[in-house]
Amino acid sequence: MPASLRSLLPLLAALFALGLEDDDIHIVFSTDCGGYQNWQAEALAYSALMVGQKGHITRIVSNCPDDADWAMMRRSNFPNYHVHITPKFDLDDGREYFPYYNKPLGVDHWIKNAVPPVTQSVVVLLDPDMVFVQPLRPDGVKNKDNVLYTGRQNKEDVSDAVREGHPVGQQYLIGSSWVNFKRDLICGAGSPCTTVDHASANEHYALGPPYLLHREDAKKVFDAWAKYVIKVREVQGKSVADMLSEMYAYCLGAAHHELPHTRLDHFMVSNHRADGEGWEFIDKLEDYSNHNPCLGSHHPPEDAALPLLVHYPGEVIPIIDPKKGGWKFHKKHMPYNIFDCKAKIPGWTSDDGNGAITTTPELIWKTATSPASKCSNKHTDTDCKRQAWVACQVHKTIQEAILAYKDSFCEEGYNKDMDGSLLHPRVMGVKTDPYGAPLGATKQTRNGLKPKYRDEDGSKEYHLRLQRAEAMAVKMKGAGGGAADEEADGEADGEEENTLVAYAVVLAPAAIGMLLLFYRLVIGGKGKEN
């Protein structure tokens, strides 16, 4: 592509994204209905509210027993929050437990069967163990200096705006080994997925959540992803790690539909030793946002130079009291009932089975950044600073989410004590699943809820009736139910028409100019070559 035309790509991306409002976005994540992911779901939803995230959020729930409490799962402070029920997906043909079917098969079921249907232009796929630090927008971050990119293209040619045919995502160091798969048996002979080489795989497909796609692209990719995750297990067997089989199936599905993603670094931080994440904002905190949740508020400045999300890993260990193993934030050490009205809120005590350790956010930061600290002796200075920042940001967000939940849904007198502990499953006295999450931990109850929530019907049948009612309300609103609604809709239509005319007036000359430029540079160039 000529350099002069390539330089127009960011402008083209911005023009295509123009007109997408901040709320023209639908965020979705997949869970089961166990206590481990119940608390994560509400922490994620509240963090979105905390940073001013617009649009809709849907929690996809799979593999639930018939007596699951659906009222509890749909209870959230986020205003446009939905819960979508899927069939059971977690068993493969060999009747072996395989939870990683849930995400690809679940999102495919959702986008095909959502009630009400998905109408937002941009679909974003997250993991439940994430919290927001900055909002996601269809047209990307407001300050484009905060776009981080370490690929093979010129950064000025890269856009984080989502449009049809231009998905974006967070870089993950998953490599390109799927290129060595028997791709013709997975995608089919002649599929475009069979032509992707290692270089392109690393540049455009080595990614993970958040995935951001236009709705029409999401329909294609999710359909292929759901099919290929089963095929990868069939064709490649167990030589592929469980989680990677799901992620590689996404790569194959996107490649099959010729939807290379723009792979960016700034969306997320997770692994404190990984490249390709938004750690630059934390390593140079004093030069960027100066947002330090250990020494002050965890509420970030608006549109600050920060990662948009934290994907909190298995454990974060700013080394305090190393004789006892160090103070830990660990998602698998979080009691399941933390949103229960009667439960204590987890404070700054952790017990890894070697005795309780109590700390403070300030001490976490001091320990992480002191040259003489045990943390610096055991890890690098950068590792320690990153872990401390994540521990404070995530744990404070979860604490606030619990307080906000209790304030909204619990009767007066709910438990505000912030002296609960993070406990290793063996300290809880419970067994773990194959992936280390506790089984049989204390469950969230309805004790202490306000009467309207305590007595709410939690059955699956009632939940589905509510969904149908919501879909009907949306349909009626779209049709203009009543004279007043029709008048309001008419005014809105008039405003929309005026807006479209204004866009047309502004964009038409630019569009014509670009078409002429395209003709001169590409079509005309070919004529000269001939």
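Reader: In what order do the 3 strands of the open sheet with mixed pairing lie?

Author: The model is predicted, and for this reason local features need pLDDT of at least 70 and side-chain atom pairs pLDDT 80 or more, while totals for chains, interfaces and linings use all residues. Residues are numbered from 1 along each chain as its sequence is written, and side-chain values use heavy atoms, with hydrogens and water left out. Strands (E, at least two residues) and helices (H or I, at least four residues) are DSSP runs numbered from the N terminus, and two strands pair if DSSP finds at least two bridges between them. Strands E5 (130–132) and E9 (268–269) each pair on one side only and form the edges, and the order of the sheet is E5-E10-E9.

Reader: Which residue of E10 is the bridge partner of Val 131?

Author: E5 and E10 pair in the antiparallel sense, over 3 bridges. In this pairing, the E10 partner of Val 131 is Val 310.

Reader: How many of the residues of strand E4 are buried?

Author: A residue is buried at under 20% relative accessible area, exposed at over 50%, and partly exposed in between (1.4 Å probe, protein chains only). Val 122, Val 124 and Leu 126 point one way from E4, Val 123 and Leu 125 point the other way, and all are buried. For strand E4 (residues 122–126), the count of buried residues is thus 5 of 5.

Reader: Which residue of E4 is the bridge partner of Val 28?

Author: Strand E1 (residues 25–31) and E4 pair in the parallel sense over 5 bridges. In E4, the residue bridged to Val 28 is Leu 125.

Reader: Which residue of E7 stands opposite Val 123?

Author: E4 also pairs with strand E7 (residues 207–214), in the antiparallel sense and over 4 bridges. Opposite Val 123, the E7 residue is Leu 213.

Reader: Which residue of E3 stands opposite Ile 60?

Author: E2 and E3 pair in the parallel sense over 5 bridges. Both faces of E3 are covered, with Tyr 81, Val 83 and Ile 85 buried on one side and His 82 and His 84 buried on the other. The residue that faces Ile 60 is His 84.

Reader: Is Asp 108 buried or exposed?

Author: Asp 108 and Lys 112 form a salt bridge (3.0 Å, N to O), a term for a side-chain nitrogen of Lys or Arg within 4 Å of a carboxyl oxygen of Asp or Glu. Both residues lie in helix H5 (residues 102–113), 4 residues apart, about one turn of the helix. Lys 112 has 48% relative accessibility and so counts as partly exposed. Asp 108 has 9% relative accessibility and therefore counts as buried.

Reader: Which residues are linked with Asp 108 and Lys 112 in a network of salt bridges?

Author: Another salt bridge joins Asp 223 to Lys 227, with the closest N and O atoms 3.1 Å apart. These two residues are 4 residues apart in helix H8 (residues 215–236), so about one helical turn separates them. The residues linked with Asp 108 and Lys 112 in the network are Asp 223 and Lys 227.

Reader: How many residues apart are Glu 286 and Lys 385?

Author: Glu 286 and Lys 385 form a salt bridge, their closest N and O atoms being 3.2 Å apart. This pair links distant parts of the chain, with Glu 286 in the loop between helix H10 (280–283) and strand E10 (309–311) and Lys 385 in helix H13 (residues 381–409), and the separation in residues is 99.

Reader: In which strand is Pro 210 found?

Author: The peptide bond from Pro 209 to Pro 210 is cis, with omega near 5°. The peptide bond from Val 115 to Pro 116 is also cis, with omega near -5°, and Pro 116 lies in the loop between H5 and E4. Pro 210, by contrast, is found in strand E7.

Reader: Is Glu 258 buried or exposed?

Author: Glu 258 has phi near 55°, a positive value in a residue other than glycine. Glu 258 lies in the loop between helix H9 (242–256) and strand E8 (262–264). Its relative accessible area is 59%, and Glu 258 is therefore exposed.
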